[in-house]
There are 2 protein chains.
Amino acid sequence: MRSTQIPLWDDRDTGLLTTYLLDATPTVSDAGKRPAVLILPGGAYLYTSDREAEPVALRFAAQGFHAFVLRYATYYKHFREDGLPPVVDEQYAFPQPLLDAGKAVMMLRERAEEWQIDPARIYVCGFSAGGHLAASLGVFWRQSFLCDALGTTAGNVRPDGLILAYAPLDYVHMAESMGEVSNEAVKQTWTMVSQALFGTANPTREALERWSPVLHVTADTPRTFLWHTGEDELVPAVNSLLFAQALAAHKVPYELHLFQKGPHGLSLADETTARPGIPADPHAQTWFDAAVRWMKMT
Amino acid sequence: MRSTQIPLWDDRDTGLLTTYLLDATPTVSDAGKRPAVLILPGGAYLYTSDREAEPVALRFAAQGFHAFVLRYATYYKHFREDGLPPVVDEQYAFPQPLLDAGKAVMMLRERAEEWQIDPARIYVCGFSAGGHLAASLGVFWRQSFLCDALGTTAGNVRPDGLILAYAPLDYVHMAESMGEVSNEAVKQTWTMVSQALFGTANPTREALERWSPVLHVTADTPRTFLWHTGEDELVPAVNSLLFAQALAAHKVPYELHLFQKGPHGLSLADETTARPGIPADPHAQTWFDAAVRWMKMT
């Protein structure tokens with residue numbers, strides 16, 4: 001395996017791509033061009049979570065995928081211990097993360113020959129905010145605001161498939177349901193995400209709609225695999241149900257696994273990603289094998 | 001195992017319950033009261049499918065469930081080979097199948113001591129029309145039209161959990177989408193089901209709403225496991241998405257597995273239920289193990 005870190009931009013301090021490139025060998029039959037998966041960790045656009053990065057890349061690599069982890073732009077540079085507002089960097093607010101994600105898919109396509117990637121099988125797998133980012137790429141890939149900023153044509157930016165893990169996909173619904181939430185931590189997270197995504201803690205309906213992938217699904221949206229837990233308090237599972245409905249309405253093939261139990265942020269839900277409050281879950285962890293079977297379908 | 005056939009009614013030629021009762025033994029630790037599952041095969045209310053009956057009962061029995069298959073009332077007595085309209089029996093039109101299903105759950109509760117059933121863990125698992133029937137029991141169990149006809153209180157009829165396989169749950173949506181359908185076999189099935197369910201090939205909106213479980217979900221609906229395939233042409237997967245949304249809105253715990261591929265009527269999707277046009281499917285067949293894990297959750 002060749003694991004290296006590649007900055008996406010010459011002129012920006014964001015967008016760091018880590019490769020997990022499988023060695024080529026003539027001794028196994030699928031050693032030619034392989035599918036690739038770009039992993040977008042979550043972290044509420046405040047940071048990118050280690051739990052949704054390398055462990056996920058290694059599981060995909062073990063299944064024969066070239067894997068990549070993207071540390072995309074996050075708006076909050078760092079949190080202060082003294083309770084003062086966190087240090088932010090306005091230029092890294094949304095849609096900079098989307099430019100990073102698009103740039104990373106472009107790089108995978110540009111270097112497909114060198115890296116022995118099948119350029120028609122580039123998946124993007126995002127968790128939580130990273131799932132929102134993956135879905136955004138899936139619905140905005142042909143829009144000029146994105147392609148022009150990247151200086152490319154839409155085809156280079158389009159993912160061939162999306163894997164969306166407990167992703168916020170309908171911010172109109174999110175904002176409405178926030179009125180019923182009593183959990184202070186959830187409210188606080190929402191405020192911070194709003195700041196990073198919309199530049200304000202109280203976004204207008206227009207702003208909410210602008211960055212709600214569910215409202216921008218078309219027949220050109222890539223096939224999509226979604227999973228979620230019904231007990232997710234931070235991002236209600238209804239986000240995935242509504243996105244599945246939008247895909248169905250546009251006849252885009254999709255798959256959805258919605259487990260009754262489990263908190264937000266399960267990642268692989270196995271021992272490699274467990275942490276206090278988020279134990280391994282033998283039932284929910286079946287999402288990964290289901291996703292791989294789905295990715296390998298022809 | 002004790003497998004016997006028990007008629008539900010003294011005065012009606014319908015509702016035949018087949019038991020698959022596990023032997024009691026003191027040599028294994030869970031040999032006391034066991035959970036039970038009542039299986040309602042599909043068949044568009046025209047017949048009850050063998051493919052969704054005994055093979056399913058045996059898989060559940062092998063997992064430690066007392067299993068039961070109910071051959072509920074079907075409106076079409078038999079089809080004629082001469083192309084004439086099928087012979088129907090009006091008294092077995094809907095809601096007679098629902099009375100049968102409710103009567104069967106009552107019998108499981110009444111004979112719980114004799115059969116060593118845990119009366120708080122009686123699941124109802126229905127396929128296609130049988131899924132509609134299971135869901136109907138799940139939403140109508142406390143309504144007087146059902147309890148009065150059965151001469152019992154609501155608690156005896158309520159399932160403790162539902163397993164709904166590719167079930168039509170929203171007939172308003174079904175009727176609307178039928179306008180876009182070009183497949184003649186699908187149209188013809190719809191006409192026959194309409195006759196059996198609504199007594200007419202052109203039901204009113206009121207009639208469609210009356211027997212659409214999705215519109216009658218409440219906080220008292222039992223926890224539910226749903227699965228479906230995105231390619232289902234006979235019963236669009238949106239039925240399951242909408243039912244999941246209704247459950248979520250009423251905070252009823254649920255689980256949903258929606259596989260991208262596979263036709264209507266997969267049953268177990270393994271070799272025991274495969275038939276021409278409906279081959280075994282290694283991916284979709286994972287629904288069964290997921291359902292058992294979900295049923296065993298505490």
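Guide: Start with Glu113(A) and Lys33(A), whose side chains meet in a salt bridge at 3.0 Å, N to O. A salt bridge here is a side-chain nitrogen of Lys or Arg within 4 Å of a carboxyl oxygen of Asp or Glu. Glu113(A) lies in helix α3 (residues 112-115) and Lys33(A) in the loop between β2 (16-20) and β3 (34-40), so the pair ties together parts 80 residues apart in sequence. Helices (H or I, at least four residues) and strands (E, at least two) are DSSP runs, numbered from the N terminus.

Visitor: Experimental or predicted, and how is it numbered?
Guide: This is a predicted model: local features need pLDDT of at least 70, side-chain atom pairs count only at pLDDT 80 or more, and totals for chains, interfaces and linings use all residues. Residues are numbered from 1 along each chain as its sequence is written, chains are lettered from A and ligands numbered from 1 in the order written, and side-chain values use heavy atoms, with hydrogens and water left out.

Visitor: Is Glu113(A) buried or exposed?
Guide: Glu113(A) is exposed, at 56% relative accessible area. Lys33(A) is partly exposed, at 41%. The cut-offs: buried is under 20%, exposed is over 50%, partly exposed is in between (1.4 Å probe, protein chains only).

Visitor: How many salt bridges over all chains?
Guide: There are 22.

Visitor: What does Asp270(B) meet in a salt bridge?
Guide: Arg59(B), at 3.1 Å, N to O. Asp270(B) lies in the loop between β10 (254-259) and α10 (286-296), and Arg59(B) in helix α1 (residues 54-61), so the pair ties together parts 211 residues apart in sequence. Asp270(B) is buried, at 9%. Arg59(B) is partly exposed, at 27%.

Visitor: And in chain A, what is Asp270(A) linked with?
Guide: A network of salt bridges links Asp270(A) with Arg59(A) and Asp289(A).

Visitor: New topic. Which rotation superposes chain A on chain B?
Guide: One of 180 degrees, with 0.0 Å of shift along its axis and an RMSD of 0.0 Å. The two copies are thus related as by a two-fold rotation axis.

Definitions and conventions. Least-squares fit on C-alpha atoms with pLDDT ≥ 70 in both.
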